[in-house]
Structures are given as structure tokens and as C-alpha cells.
Amino acid sequence: MPYLDLLDGLSIFYHDEGAGEPIVLIHGFPLSSEMYQPQRAALSSRFRVITPDLRGAGRSDAPADGYSMDVYADDIVALLDHLGIGQAIVGGMSMGGYVVFALLRRHPERVKGVILIDTRAEADNEEGRANRFKMIDQARNEGVMQIADALLPKLLTERTRRERPELADWLREIMLGTPVDGIIGALQAMAARPDATDLLPRIAVPTLIIVGSDDPITPPDMATRMHSMIRDSHLVIVPDAAHAANVERPERVNAAIMEWAARVA
Ligand code: MLT
């Protein structure tokens, strides 16, 4: 299993499958690279698909502190260096999108194209930040279970949870595998992240924006706003999908990425 050893002694796990134009996909919160299993399966026939576990998630190490979007972004650059990749298409789902914005600020020369899946440019407002701190207390006192159970109905539509309970169970398992230190670190990083709205008109590379029609966390109006502000952007609204559109409707998401990335490559 491939791991990258970072300079600060941490070990970062990643999948690296297929050959061709590299596409790095960064997972959301409190998930791991496992959530991209449907994308690895489909896209690796034509592209090199790299899906890391951010520090604090999945099989990567979870330090007690030191988390920020900038640190996550620098870890992605360390991974690109390790793999000998100068430039890649970089995508992120939700929190993964926040990491992509940090990458664009700090290392724009490494980004050939951008994929934003169920994410937003806005920083947290005061209420959002207060909720993060409540969740941090909850994670400390009660563990991950309640956070996972509260998030699940937002990740998949009610219909999918009813008709495909195994998909909900799978996502729940991924969330339950996230260490408490990683959950707390990610919540701190999200609460502290800057607004990326100013960055949008300065994104100079092709950008694909994907959103589930029923996403309650980062709804289509947020995606539409990003689309109106990013010059070379293409918007795909995935019907009958909530926040984890790439898991709920992988065939639609994969087709959109395949077609768009073939043009970018
Ligand atoms: C995620 O899916 O990564 C989170 O919902 C992002 C957030 O809470 O802002």
C-alpha cells in the first residue's frame, strides 16, 4: 500500500491508479479517499487517478494538532513532488474543495484544471463557526458516532437511503473510521479558513463545478454563483443527488469528469 512520509514525520496514505493525465481528488469531511472508490473504478481506465487520505483521515496519521487548509494543501504538493508530477487536475468534494482553494492561493502553478464537487467559496459565518466548536466538544466527549449520524441524511437523499441502505452503511463506516483528532483538526481548519470568493475571478484554468440538485449543505445556488464568477467554468447539476453526489450518482459525475477532463488534457 503506498504511503508518503512527510518531512514532519507523518505518513500519508494514497491510492494511485491508472495512467495518463493526473487527476487528484481530495475527499470531504469526515470522510476519506474511500469515498472516491466509484471514481477510481471508472476514471482510471483513461486517467491517472490519485486519491490521498488527508492527514487525520482514513489510513493517514492523525496528529493531535497543526491542521489548516494551507497544511492540507502543502501535503498535496508534497505528494505531487513525491510522485514526480509537476501539474495535475485537482478536484475536491466539499472540504476537499476548500483545500483546492488553498492550493490555488499557494501553488497555482501546480494546478492544470479544477474540479469543485458539492463545495462553496464562502467562509463560515459566525453561526457556522459556533456550530463547528459545538461539534468539536461533541467529538471530544462522545466520539464520532453522533456526528456521522447527523451528517448521513445530508450526504444521500432520503430515497437513496431507503432504496440502497448498503450505500448509507458504507459511508457511515468510512466516517466512523475517522480518528477523533482528525475530526477536531478538520473542524478547526474549516472554522479558520478564509473566504475564497475573491479568488474565483482569478482562477485562470478550466474549472468543472458539480453539485447535487438536493445538496442541503452546499446547494446549487452556491455552485451557480461560483460558475458565474469563474471565467472558464462548466456547471453540472446532478439530479436526485444530495451532498455526496459522486457517491450517490457516480455514473453522472464520472461522465461529466471524463468528458471535461479529456478536453483539458
Ligand atoms: C464536507 O462535506 O466536507 C463538509 O460538509 C464541509 C463543511 O462542513 O463545510
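Modeller: A pocket is an open set of grid points with protein on both sides within 12 Å along at least five of seven lines. The model discussed here is predicted. In it, about 590 Å³ of space lies in the largest pocket.

Biologist: Which residues lie nearest the centre of the largest pocket?

Modeller: They are Arg120, Arg132, Met135, Lys154 and Ile217, which belong to a lining of 24 residues. Helix H4 (126-142), helix H5 (145-155) and helix H8 (180-192) are the elements that each give two or more residues to this lining.

Biologist: What makes the other spaces cavities?

Modeller: In a cavity a 1.4 Å probe fits but cannot get out. The structure holds two cavities of 30 Å³ or more. The largest cavity has a volume of about 70 Å³, and Gly56, Ala57, Met95, Gly182 and Ala186 are the closest to its centre among 15 lining residues. The second largest cavity has a volume of about 40 Å³.

Biologist: Which element gives the largest share of the lining of the second largest cavity?

Modeller: Helix H2 does, with three residues. Asp75, Ile76 and Leu79 are among the residues that line this cavity, and in H2 these three are buried. Buried means under 20% relative accessible area.

Key. Residues numbered from 1 in each chain as written. Predicted model: local features only at pLDDT ≥ 70, side-chain atom pairs only at ≥ 80, totals over all residues. Heavy atoms only, no water. 1 Å grid on protein atoms, 1.4 Å probe; cavity = no way out; pocket = protein on both sides within 12 Å on 5 of 7 lines; lining within 4 Å. Points joined across faces, edges and corners; volume = space filled by probe spheres on them. Helix = DSSP H or I, 4+ residues; strand = E, 2+ residues; numbered from the N terminus. Buried < 20%, exposed > 50% of the residue type's maximum accessible area, 1.4 Å probe, protein only.
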